[in-house]
Amino acid sequence: MKKKLLGVLLIGALGCQKLTEETKDKNISAAMDYVDPFIGTGFHGHTFPGATTPNGMVQLSPDTRFEGWDACGGYYYEDSSIVGFSHTHLSGTGIGDMGDVLMMPFTGKAKLSQGLPEAPDSGYRSRFSHEQESASPGYYNVKLQDYDIDVELTASPRVGFHQYTFPEAEEAGVIVDLSPTIHMHRSPKHEIRVISDTEIAGMKYTKGWANEHYIYFYAKFDKPFKASVFGNDKLIEGNVYEGKNAKALLSFSTDKGEKVKVKVGISNVDIEGAKNNLFSGIEDWDFYAQKEKAEALWSDKLSTIDIKGKSEEQKEIFYTSLYHSFISPMNYSDADHRYRTIDGKIKRDDNYDSYTVFSLWDTYRTLHPLMTIIEPSQNEKYIQTLLRKYDEGGILPKWELAGNYTGTMTGYHAVPVIVDAYRKGDRNFDINKAYKAMLETSTFSRDLKFVAHSESVREKLMPNAKLYNDSLGYIPADLENESVSKALEYAYNDYCIALLAKELGDEKVYKEYLERSKRYKQYYDSEEGFMRGKLSTGGWREPFNPRFSRHRKDDYTEGNAYQWSWYVPHDIDGLANLIGSKELMEEKLDTLFMTSSNLVGEDVSNDISGMIGQYAHGNEPSHHIAYMYNYVGAEHKTQYMADYLLQNHYSATPEGIIGNEDCGQMSAWFIMSSMGFYPMSPGETTYTVGRPLFDEVEVKLENGNTFEIVAHNNSYSNKYIDKVLLDGVQLNEPFIDHKDILSGKKLEFFMTSEPNVNAFKENLNLSKK
């Protein structure tokens, strides 16, 4: 709580309205006090601490660096200077983009360059201290030490709201810089227009991770300025510039303690859209009123789940995780319901909300299943967007960004998101279109007409791996990169298609895709005991070392054979049979967690982090593995490992996320696991139980029911389950169904300090589907 307390004291010192119990909105959830947006801004979490709203188009946040892996969120906690405050950011990704429309207030002689981190005085960047910095949902505050300016930021869904408190200064102002982008992608076209002495607008077109990214802005100041416009650091004549490296210097003088406010509307459509977003989004100049509106939006989301427990730190981790889970996907429609399509058109649909930032390789695992519980109607909107992008582009996205197919990552994981929602009863989308889209996305076709902005993206969307999977029945390692990961993911994705085919009564497709889902078996080398690359000649790729990793250039995606050999979430019984028996599978799981964490290779993937043995919690392919003990009769080991991960791999610190946050997936794992259950195989309606972290949890469902979880005798040492009751009836297997949650049942855990191997009277019949 230290940073939030310091921020409140700093606001008071500035003479601002202090939020007290008398003035604070009584409807604001107590959960708000537990959110710390700085969690994940250190190590490799790649989160940002700035002001945003749930699913907001605007993420107004400080930028401390633009280059390097730890610049993905724009802000890195170890940095000591701020370049400025831009309006778009990604939350926890492993690739950088956005960081659009940067603004930086200053005093003294203006500088046009950013300056260097090791020499802040060489540009307009400023030193800062974490002791004079605070953040909470919808709000960010910092003192720029070089300028003696206090910066406060808040937001509405489409508007960033800045408030700068200046010292007395004859020379002061704000730099507007369109040139920087996170990871410094090419910006081939900029536009700046000075509209009046209080308004400025423009456009930025970037070719980066999102190959065609348009951002438009319209900014309104409450103080007149004198504007100077620059192109390539040269002063231009007039008030309009179109070209590259566009900047504007907005100058004025200030009195001591004078507040200068600026509201910035953004749009992906055009300047008029940005202007309309601005004036419809925030109508007045009351900064603190808007801050309270942003807080109310967050409070509504965070109050979905109430928890009671003994650890204040765990509450911070939980509610910050919930906060991170609501940041993306992000709104991509203007206030007038216009939006940019994936094929580059501008459309309007008053009955449709478009979204962007779909990190599906990550989020299908836990984030979207979490949404089926706490916000199914919003999850349906995400699916509507995925299907609309299929209409526009011809194929389901796998990592969509700013209206672009990026082709990033592997598999076709829009499939489990759709199937999971449908089978759980969330069906506010065209399932026939979805079914057709899944079948087309899962198979190779040279005739499939779809939009991609480059040939490399087309190849990623329709890789030869699909051709080989269709024609050969497997993916040769010598013909396709990351062949093992792709094959295993295709098998799981195809299983989900089989489930849907069965639901829809398509027996032929059901049988075909069920067969395809079993193809993982041919990659298992029984002699080595690992999934391996299989060559076009039929043999195994040699040499083989299960610890070997060569990032994105070997047989496994961001991992190695140790981690990927467990990626059969849909057929654990079949995997156990490959290994030899459930007993041998248990021993093999033990080895995974207890072996050396040594990795081999000259270019080991940085994503392999959060190691316990060769288990890597910092990356998603490992996320289900701790729960596999539940399927082999060793439930107490799932309880132990879930407890260990919850207690040791998350903390309420900037370094508190053990790997890339990945748009809510790392956080969603903590939320679900801390409540005591987990979705092993999204598409299935069952959850497998683990170790509840909190004494009491209440989940308020959209249907009006409340799902209640109680952990009796719960403590740090009592990590094992003695028995579990569901509405008073003892569970005889470690599973609950989605309908148990929706009907508002009560799940009771009775905890003990010693493993109880008889906590469940019988184990799951693994062949039952």
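Colleague: How many disulfides are there?
Modeller: Zero, counting a disulfide as a pair of cysteine sulfur atoms within 2.5 Å. This is a predicted model, where local features need pLDDT of at least 70 and side-chain atom pairs count only at pLDDT 80 or more, while totals for chains, interfaces and linings use all residues. Residues are numbered from 1 along each chain as its sequence is written, and side-chain values use heavy atoms, with hydrogens and water left out.

Colleague: Is Cys-72 buried or exposed?
Modeller: Cys-72 is buried, at 0% relative accessibility. The cut-offs are under 20% relative accessible area for buried, over 50% for exposed and partly exposed in between, with a 1.4 Å probe and protein chains only. Cys-496 is also buried, at 0%.

Colleague: Switching to the core. Which residues touch the most other members of the largest nonpolar core?
Modeller: Ile-305, Met-675 and Phe-677, in a core of 151 residues. A nonpolar core here is a set of buried Ala, Val, Leu, Ile, Met, Phe, Trp, Tyr and Cys residues joined through side-chain atoms within 4.5 Å.

Colleague: And where does the largest share of this core come from?
Modeller: From helix α12, residues 483-503, which supplies 13 residues. Helices (H or I, at least four residues) and strands (E, at least two) are DSSP runs, numbered from the N terminus.

Colleague: What is Ile-305 in contact with, leaving aside neighbours within four places in sequence?
Modeller: Phe-318, Tyr-319, Leu-322, Ile-374, Ile-671, Met-675, Val-697, Glu-698 and Val-699. Contact means heavy atoms within 4.5 Å. Apart from that core lies another one, of 57 residues, including Tyr-77 and Phe-230.

Colleague: Let's do α4 next. What does α4 span, and what is expected?
Modeller: Its 14 residues reach 20 Å from the first C-alpha to the last, close to the expected 20 Å. That expectation is 1.5 Å times one less than the number of residues.

Colleague: How many of its residues are buried?
Modeller: In α4, 12 of the 14 are buried, so the helix is largely enclosed by the rest of the structure. Among them are Phe-318, Tyr-319 and Leu-322.

Colleague: What do the buried residues of α4 pack against?
Modeller: They pack against β1 (51-52), α3 (287-302), β20 (305-308), α6 (367-374), α17 (635-648) and α18 (665-675).

Colleague: Aromatics now. How many aromatic pairs are there?
Modeller: The structure holds 39. Rings of Phe, Tyr and Trp (its six-membered ring) pair if their centres lie within 6.5 Å, and planes under 30 degrees apart count as stacked, over 60 as edge-to-face and the rest as tilted. Tyr-492 and Tyr-567 make an edge-to-face pair, 6.1 Å centre to centre with 85° between the planes. That pair links distant parts of the chain, 75 residues apart: Tyr-492 is in helix α12, and Tyr-567 is in the loop between α14 (561-564) and α15 (572-579). Both tyrosines are buried.

Colleague: Which residues form the aromatic cluster?
Modeller: Tyr-139, Phe-161, Trp-285, Phe-287 and Tyr-288 form one.

Colleague: What lies over the face of Trp-285?
Modeller: Lys-263, at 4.2 Å from the ring centre. Elsewhere, the charged end of Arg-458 sits over the ring of Phe-450, 4.4 Å from its centre. A charge sits over a ring if NZ of Lys or CZ of Arg is within 6 Å of the ring centre and within 35 degrees of the ring normal.

Colleague: Backbone check. Which peptide bonds are cis?
Modeller: Ser-328 to Pro-329 is cis, with omega about 0°, and Pro-329 lies in the loop between α4 and β21 (330-331). Glu-542 to Pro-543 is cis as well, with omega near -10°. Pro-543 is in the loop between β29 (530-531) and β30 (548-550).

Colleague: What about phi for Val-101?
Modeller: Val-101 has a positive phi of about 55° although it is not a glycine. Most residues other than glycine have a negative phi. Val-101 sits in the loop between β4 (84-86) and β5 (102-107) and is buried, with a relative accessible area of 1%. Ala-402 also has a positive phi, near 50°, and is buried at 1% too.
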